[in-house]
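Please keep the structure in view while reading.

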Amino acid sequence: MTAPRVLGGLGGLALFALIATLFVSAVRQLDHDVQAGTTDGHTGAQPPVAAAVPMDAEAAIVDRVVDGDTVRVIADPRGSIPGGGSIRVRLLNIDAPELARDDRPAECGARDAVAHMLELVAPGDVVWLVADEDDRDDFDRPLRGMWTDDGVFVNEAMAAAGWARDVVFAPNDRFFDVVAQAAATARADGRGMWEKCAG
């Protein structure tokens with residue numbers, strides 16, 4: 001017996017993830033409204049994410065890790081990433097080593113970068129996405145800062161571990177200073193690719 005196909009082709013797992021995303025987004029919005037005084041506040045709800053996550057963040061569910069700077073997510077179609085289904089999101093202000101592709105070998109540290117990303121976010125995890133000035137890159141991928149549900153800034157964490165370089169493509173510099181500082185420290189300390197790929 002096959003799983004029912006609903007919502008334009010979403011399978012049961014994707015539908016569940018979408019419903020979970022919508023629920024978490026609603027809870028976060030309610031909490032924001034309570035803090036802003038725009039609701040009566042009788043829910044007693046606690047913030048669903050750490051205070052480090054920006055208030056303009058939107059919830060999504062991780063579908064899979066593509067590489068050290070790209071993650072596929074299932075996002076709320078009512079949010080800033082419409083379309084439904086699994087969508088590739090490119091993380092802002094980092095550049096991780098590339099995996100093998102189109103007859104090109106993998107760059108040094110590429111598999112390690114993927115492994116570290118999987119330590120930070122795994123399929124099924126709730127993550128929080130934040131945009132900058134330009135919404136998408138030249139490949140039509142949404143460009144975002146990403147936080148885990150407990151407040152870890154994934155872009156910064158990848159740079160801090162030494163598995164991504166800092167990069168800025170103007171005007172998207174909202175997170176650049178934080179990422180650049182983390183990358184500089186990792187480089188100075190010889191972490192990640194700065195150790196493995198030196199020379």
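## The nonpolar core

In this predicted model, the largest nonpolar core has 39 residues. Those with the most contacts inside this core are Val73, Met117, Val121, Val127, Leu129, Met146 and Met158. Several helices and strands take part: β1, β2 (70-75), β3, α2 (110-120), β5 (126-130), β6 (143-148), α3 (154-160) and α4 (176-189) each supply at least two residues of the core. In soluble globular proteins, nonpolar side chains tend to be buried together.

With its neighbours within four places in sequence left aside, Val121 is in contact with Val62, Val65, Val127, Met146, Thr148 and Val154.

## The chain as a whole

The protein chain contains five helices and seven strands. Read from the N terminus, its elements follow the order α-β-β-β-β-α-β-β-α-β-α-α.

Of the 199 residues in the protein chain, 42% are buried. The chain exposes about 10500 Å², and carbon and sulfur atoms supply 54% of that area. Among contacts between residues at least 6 apart in sequence, 60% join residues at least 24 apart.

## The largest pocket

Rolling a probe the size of a water molecule over the atoms shows where empty space is left. The largest pocket holds about 640 Å³ of space. It is lined by 26 residues, of which Asp69, Arg90, Asp137, Phe139 and Arg141 are the closest to its centre. The elements that give two or more residues to this lining are β1, β3 (86-91) and β4 (94-95).

Which element gives the largest share of the lining of the largest pocket? That element is β3, with three residues. By residue type, the lining of the largest pocket divides into 11 nonpolar, three polar and 12 charged residues.

## The enclosed cavity

How many cavities of 30 Å³ or more does the structure hold? There is one, and the volume of the largest cavity is about 40 Å³. The lining of the largest cavity consists of Glu58, Ala59, Ala60, Ala75, Asp76, Gly79, Ser80, Ile81 and Leu129. Leu129 is also among the residues with the most contacts inside the largest nonpolar core.

Strand β1 (residues 58-67) gives the most to the lining of the largest cavity, namely three residues. The lining of this cavity comprises five nonpolar, two polar and two charged residues.

Conventions: Residues numbered from 1 in each chain as written. Predicted model: local features only at pLDDT ≥ 70, side-chain atom pairs only at ≥ 80, totals over all residues. Heavy atoms only, no water. 1 Å grid on protein atoms, 1.4 Å probe; cavity = no way out; pocket = protein on both sides within 12 Å on 5 of 7 lines; lining within 4 Å. Points joined across faces, edges and corners; volume = space filled by probe spheres on them. Helix = DSSP H or I, 4+ residues; strand = E, 2+ residues; numbered from the N terminus. Nonpolar A, V, L, I, M, F, W, Y, C, P; charged D, E, K, R; others polar. Core = buried A, V, L, I, M, F, W, Y, C linked by side-chain atoms within 4.5 Å. Buried < 20%, exposed > 50% of the residue type's maximum accessible area, 1.4 Å probe, protein only. Contact = heavy atoms within 4.5 Å. Areas by Shrake-Rupley, 256 points an atom, 1.4 Å probe, with all protein chains shown as cover.
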